[in-house]
Amino acid sequence: LTPEMYMAIKRGLNNITLEELSVCAYYLGRGKYWEYHKGSVTTLVNYIECCRLMGKEPVKTNNFMREFCETHKSYELRKTEFDNKKMAMNYAKYAKAWEFEYGNYMVSIPACGQDIVTEGERMHHCVGSYVDRVVRGDDYIIFVRHKDKPNECYLTCEVRTNGEIGQYYLAHDRHISSTEDYEFKKALAEHLLKNW
């Protein structure tokens, strides 16, 4: 494994195990895979991620592309289940950040991708289109609720990968206007950055 290959793998995979690194070294060391993809390890990283989500051990075979396609096909058949599992893992990394209440409001996180789609439908905005971004860990969506009505939609918030608040909308993409809403947003922003 060259240093460039190793760094490309490390950039693509968090907490890579020795077994996973061994499989990567096996395929990349054979030369063909590296040459065919002109230095890209994207497909190999996707293979390892699919294996992780499915609870399957990555294997060394003579035909990587066949192994990748079969694994990916199995993943696609149960994509919703695996996506929800990956999303839960992403949110678990910042569990302390999501535990927040202030004034009359509280933070709630989606349990699955369908929760985000439902939020978008009820709030009449585009948050439902963020599911893939949330599954990949490129964004986090949290729901702000009234403490006395935890199941009723009130406000939807995007949290970026650095812990900063992005989009922050009421229903129909309306901006907040009440003092109470502004105070909550400010307290939430401070809490997120402190616990990120």
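Predicted model: local features only at pLDDT ≥ 70, side-chain atom pairs only at ≥ 80, totals over all residues.
Residues are numbered from 1 along each chain as its sequence is written, and side-chain values use heavy atoms, leaving out hydrogens and water.

**Exercise 1. Get an overview of the protein chain.**

Start with the secondary structure: the protein chain has 10 helices and five strands. These are DSSP runs numbered from the N terminus, with helices being H or I of at least four residues and strands being E of at least two.

Next, look at the dimensions. The C-alpha trace spans about 60 × 35 × 25 Å along its principal axes.

Then check burial. Of the 196 residues, 42% count as buried; buried is under 20% relative accessible area, exposed is over 50%, and partly exposed is in between, using a 1.4 Å probe and protein chains only.

**Exercise 2. Work out how helix 6 sits in the fold.**

First, find its extent: helix 6 covers residues 79–92, which is 14 residues. From first C-alpha to last it reaches 20 Å, close to the 20 Å expected at 1.5 Å a residue. That expected span is 1.5 Å times one less than the number of residues.

Now pick out its buried residues: Phe82, Asp83, Lys86, Met87, Asn90 and Tyr91. A handy background point is that an α-helix has 3.6 residues a turn, so residues three or four places apart point the same way.

Finally, ask what lies over them. The cover includes helix 4 (42–54), helix 5 (64–77), helix 8 (113–123) and strand 3.

**Exercise 3. Is Arg145 buried or exposed, and what does its side chain meet?**

Arg145 belongs to strand 3, residues 140–146. Its relative accessibility is 6%, so Arg145 counts as buried.

Its side chain makes a polar contact of 2.8 Å with the side chain of Glu119. Such a contact is a pair of N or O atoms within 3.5 Å; within protein, one must be able to donate a hydrogen and the other to accept it, and residues adjacent in sequence count only if both atoms are side-chain atoms.

Terms used. Contact = heavy atoms within 4.5 Å.
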